Amino acid sequence: METNNAEYKTIDEYIANFPAELQTILQKIREVIREAAPEAKEKISYQMPAFELNGNLVYYAAFKKHIGFYPTAAGISAFQEELSGYKGAKGSVQFPLNKPIPYDLIKRITEYRAAENRQKGKK
């Protein structure tokens, strides 16, 4: 469900743009990311919900038939085997809306990315 051309300023505004069922999924993903990286800051980037921690951490977005999750190429390659059943690209994966969203996998990928970015912050 691609959104209209609204200019979102907050993740709350972004989520509110979708039907209730999708809002629930988007809010749960947000909570999972917050739990995995509590010190990460929320923002809107490329008109998508995003989190940063010593740089970009992860992004996510809702589409008509899937949730796009963007943990950078490093996040994808580190979990390549577990993500093999999903469509994706170098830095993204698509979780179809007609299947359960793998919240635990999103959490583990975010934890991985947070550890990676914390290391980057120490340099």
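A nonpolar core, as the word is used here, is a set of buried Ala, Val, Leu, Ile, Met, Phe, Trp, Tyr and Cys residues joined through side-chain atoms within 4.5 Å. Buried means under 20% relative accessible area, exposed means over 50%, and partly exposed is what lies in between, with a 1.4 Å probe and protein chains only. The model you are looking at is predicted: local features need pLDDT of at least 70, side-chain atom pairs count only at pLDDT 80 or more, and totals for chains, interfaces and linings use all residues. Residues are numbered from 1 along each chain as its sequence is written, and side-chain values use heavy atoms, with hydrogens and water left out.

Let us start inside. The largest nonpolar core has 36 residues, and those that touch the most other members are Tyr14, Tyr60, Ile67 and Phe69. Two or more residues of this core come from each of α1 (11–16), α2, β2, β3, β4, β6 and α5 (103–122). These element names follow DSSP runs numbered from the N terminus: helices are H or I with at least four residues, strands are E with at least two.

Now to the sheet. Six strands make up an open sheet, in the order β1-β2-β3-β4-β6-β5, with antiparallel pairing. β1 (41–45) and β5 (87–89) are at the edges and have a single partner strand each, so one side of each is left without a neighbour in the sheet. From one strand to the next the twist averages 20 degrees. Two strands count as paired if DSSP finds at least two bridges between them. As a reminder, strands of a sheet pair through backbone hydrogen bonds, either parallel or antiparallel.

For comparison, most residues other than glycine have a negative phi. Tyrosine 46 is also exposed, with a relative accessible area of 69%.

How many of the five residues of β2 are buried? Four of them are, so β2 is largely enclosed by the rest of the structure. β2 continues to β3 through three bridges, again antiparallel, and here glutamate 52 has asparagine 56 in β3 as its bridge partner. Three residues separate β2 and β3 in their hairpin, and asparagine 54 in the turn has a positive phi of about 55 degrees. Asparagine 54 counts as partly exposed, at 40% relative accessibility.

Further on, strand β4 (residues 66–70) is joined to strand β6 (residues 92–96) by four antiparallel bridges, and the partner of histidine 66 in β6 is proline 96. Serine 92 lies in β6 and is buried, with a relative accessible area of 17%. Leaving aside neighbours within four places in sequence, serine 92 is in contact (heavy atoms within 4.5 Å) with Phe69, Tyr70, Pro71 and Ile76.

Helix α2 (residues 20–36) lies across β1, β2 (48–52), β3 (56–62) and β4, and runs at about 170 degrees to β3. That angle is taken between N-to-C directions on a scale from 0 to 180 degrees, with axes fitted to C-alpha atoms, for helices over the stretch in contact.

Finally, the rings. Rings of Phe, Tyr and Trp (its six-membered ring) pair if their centres lie within 6.5 Å; planes under 30 degrees apart are stacked, over 60 edge-to-face, and the rest tilted. A search of the whole structure finds six aromatic pairs. One of them joins tyrosine 86 and phenylalanine 95 edge-to-face, at 4.9 Å centre to centre and with 90 degrees between the planes. Tyrosine 86 is partly exposed at 24% relative accessibility, whereas phenylalanine 95 is buried at 1%. Tyrosine 86 sits in the loop between α4 (80–83) and β5; beyond four places in sequence, its contacts are Val93, Gln94, Phe95, Pro96 and Pro102. Elsewhere, Tyr8, Tyr14 and Phe18 form one aromatic cluster. A charge sits over a ring if NZ of Lys or CZ of Arg is within 6 Å of the ring centre and within 35 degrees of the ring normal; lysine 28 lies in this way over the face of tyrosine 103, at 5.5 Å from the ring centre.
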